[in-house]
Amino acid sequence: MEDERIDTLVLPIEPKAAQPPRLDRNGSVWAAAAKLGRYLMSGMTQEEREGLALPLLRAISRTAGEECEPPAASVASVFTRRTKSHAYFLHAGEAWYVASMSAFPASHCGTHVWLWSHERNGRRGEAVTAFDIPTAIGALAVTDESDVVDRVLSRNKYVAAPIRERFFSLAAERWIVEENLAANRRYASAHSAGVFEDKLSCDEAHRGAAASSLFARRFAHVEIDDSVDLGQFARLDREAAELADRGWLPAIGSDNSIRFRLCGRHRAIGVYSPSLKAIAIDPRAPRSGAHEMAHAYDFEHGQLSAKPGFRPILDRQRAALSGMDLTDSRLTYWSTPTEVFARAYELHLLSTGRASSMTSADMNALRAADPSTVPLSGDMNAINGYFGGLGL
């Protein structure tokens, strides 16, 4: 339930801020949740922010109700006038749920019974659960445990110790995920779009070979640089199709494009852009193919490399890399979650007897070409178990 709710409310929008804010474990739980919520919403337009209100109201009320405007004389209507903020309402059972983009006064947050309306038989109370949207986003991104979420939304500084400990324990895990996602975003923005732009001049033989290839049946667009030997490409084309049919390559979306061209400006034999859904492979070294497709699989499945399931492998690899004599830029690059993921996937293929033209010849060849895989190859039981669990 937690993953589904977070995916609906948060993950489709990428934060604009480069780094998550610092988690202050000495502060209040609602302040930490609000800080996380504002960070997650930093890349949203105003329209997207307003679109969060109804999903949040439903999540907090645990109903599938619709937004509604309270009667002018109702407690809920008085409530929003007192807070002087634009509010969104949902009525469920005997209670009103009220969300606002700006913060309500602390005394108004959480669940209360407000005795604000008068009837002939006396004063009438109504239950109102009120919360500000950033705090709710942050709380639900951390957990969907109702007792924890309710205490966070109340903005009560004196939260019971077990609730506080539970929240910050879960928040610390969420912060690690966000830091890993941020590292992947920096990786994604490092590649220029130039390598993914079709060349203006391309001879008809190469253009025709691309259009009629088996790759073209699996990808939205295929380009072959004029320097590519078409006989070699035809053999790779047939082999890649066979590998895909046998499940020896990750199944990635047909909306991806693939280009066989030199990637010299990136000092790489392959490049992947998650924003463009594009793969470029140096025709002289197609062994990068499985690696780049692993990047695509990672991003298409919600950045698995940043999720808790992959973290033990990632943490051990980062610890090993930190002990190597590396430049800061090399350490950062090799420690990026999606880079560790792609290297681990190629090792998984090789260790399970699935070497091909889209991979290195064997594990020794990969270790010789890429020193970062030396410590990583010492974790094969965990790597094979992880990718085996994904069906890869």
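Is F387 buried or exposed? F387 is buried, with a relative accessible area of 0%. Buried here means under 20% relative accessible area, exposed over 50%, and partly exposed in between, with a 1.4 Å probe and protein chains only.

A word on the model. This is a predicted model, where local features need pLDDT of at least 70, side-chain atom pairs count only at pLDDT 80 or more, and totals for chains, interfaces and linings use all residues. Residues are numbered from 1 along each chain as its sequence is written, and side-chain values use heavy atoms, leaving out hydrogens and water.

Now the rings. The whole structure holds 14 aromatic pairs. Rings of Phe, Tyr and Trp (its six-membered ring) pair if their centres lie within 6.5 Å; planes under 30 degrees apart are stacked, over 60 edge-to-face, the rest tilted. Helices are DSSP runs (H or I, at least four residues), numbered from the N terminus. F341 is buried too, at 1% relative accessible area. Ring pairs also tie F310, F341, Y345, Y386 and F387 into a cluster.

Next, the cores. A nonpolar core is a set of buried Ala, Val, Leu, Ile, Met, Phe, Trp, Tyr and Cys residues joined through side-chain atoms within 4.5 Å. The largest has 47 residues. Which of them touch the most other members? They are F215, I258, F260, M293, F310, F341 and F387. Helix α15 gives the most to this core, with 8 residues. Another core lies apart from it, with 44 residues, including I60 and Y97.

Take F260. Leaving out residues up to four places away in sequence, F260 touches F215, E223, I224, D225, V228, F233, L236, I281 and P283. Contact means heavy atoms within 4.5 Å.

On to a helix pair. The axes of α7 (residues 146-153) and α8 (residues 161-189) come within 10 Å and cross at roughly 100°. Axes are lines fitted to C-alpha atoms, for helices over the stretch in contact, with angles from 0 to 180 degrees between N-to-C directions. That makes α7 roughly perpendicular to α8 (65 to 115 degrees). D147, V148, R151 and V152 in α7 meet I163, R166 and F167 in α8.

Last, a loop. D362 lies between α15 and α16 (363-369). D362 is partly exposed, at 37% relative accessible area.

Terms used:
Helices (H or I, at least four residues) and strands (E, at least two) are DSSP runs, numbered from the N terminus. Angles under 35 degrees count as roughly parallel, over 145 as roughly antiparallel, 65 to 115 as roughly perpendicular and the rest as oblique.
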